[in-house]
Amino acid sequence: MLHRASHGFTLAELLIALMILGEIATFTIPKVLSAQQDQSFRAKAKEAAGMITDAMTVYQRQNGLSSATTVDELTQYMNYVKVTTTLVDDNPGQVTTDCSAASFGCLLLHNGGVLVYQTTTSFSGTGSTNAIWFDLDPDGKVTGGANDAGTAVQFALYYNGRLTSGSNVLANTVSSTYTFGPADEPDPPWFSWN
């Protein structure tokens with residue numbers, strides 16, 4: 001009688017291998033998808049930050065900057081698709097911003113994000129802590145709770161041209177609408193300058 005050498009795997013071995021691969025995929029795929037989404041949101045935020053500083057530079061060169069310069073005056077130098085009146089996410093700890101409210105302006109950006117600002121906010125001074133602010137909702141829609149993935153990041157643009165995010169603002173940063181500090185508008189979990 002001839003004995004054949006057995007090459008291959010048994011059904012039980014294949015099923016065990018598939019179960020192990022399934023368990024690995026269960027834990028790694030969501031992390032990979034979340035990391036990709038965070039990276040996309042960071043890229044949108046950095047693009048918006050560049051657009052904000054560029055708009056201020058052009059505005060300042062053409063019109064001069066004053067303590068009465070409003071956020072609305074800078075938006076004419078920004079590249080966006082359209083003004084929107086949608087409901088978007090606000091900063092961590094907040095829930096939503098209604099872009100149809102008269103006091104807010106919301107710009108739909110080419111990357112799908114929505115840049116939110118109070119139309120009449122001005123620098124209200126020329127000191128190193130005078131700033132105007134913008135919020136960027138990276139996905140341009142309401143995603144749920146106050147600390148969900150698509151929560152907005154706040155940018156403070158100082159009179160001296162410095163731009164920073166909410167967690168990095170100077171203490172007692174002031175605009176014509178309110179005074180805030182680093183703990184008031186923390187950065188969302190997806191945002192970092194790196």
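Predicted model: local features only at pLDDT ≥ 70, side-chain atom pairs only at ≥ 80, totals over all residues.
Trainee: How many aromatic pairs does the structure hold, and what is the geometry of the pair formed by Tyr 59 and Tyr 77?

Mentor: The structure holds ten aromatic pairs. In the one formed by Tyr 59 and Tyr 77, the centres lie 5.9 Å apart and the planes make an angle of 70°. Because planes over 60 degrees apart count as edge-to-face, the pair of Tyr 59 and Tyr 77 is edge-to-face.

Trainee: Is Tyr 59 buried or exposed?

Mentor: Tyr 59 lies in helix H1 (residues 11-63), and its partner Tyr 77, 18 residues apart from it, lies in the loop between helix H2 (71-75) and strand E1 (82-83). The relative accessible area of Tyr 59 is 7%, and since buried means under 20%, Tyr 59 is buried.

Trainee: Which strands stand at the edges of the open sheet?

Mentor: The sheet has six strands in the order E1-E4-E5-E6-E7-E8, with antiparallel pairing. Two of these strands each have a single partner strand, so one side of each is left without a neighbour in the sheet, and these are E1 and strand E8 (163-165).

Trainee: What angle does the direction of H1 make with that of E7?

Mentor: Strand E7 (residues 153-158) pairs with strand E6 (residues 131-137) in the antiparallel sense over six bridges, and Val 153 in E7 is the bridge partner of Leu 136. Helix H1 packs on the sheet, where it touches strand E5 (114-118), E6, E7 and E8, and its direction makes with that of E7 an angle of about 20°.

Definitions and conventions: Residues numbered from 1 in each chain as written. Heavy atoms only, no water. Phe/Tyr/Trp six-rings, centres within 6.5 Å; stacked < 30°, edge-to-face > 60°. Helix = DSSP H or I, 4+ residues; strand = E, 2+ residues; numbered from the N terminus. Buried < 20%, exposed > 50% of the residue type's maximum accessible area, 1.4 Å probe, protein only. Pairing = 2+ DSSP bridges. Contact = heavy atoms within 4.5 Å. Axes fitted to C-alpha atoms, helices over the stretch in contact; angles between N-to-C directions.
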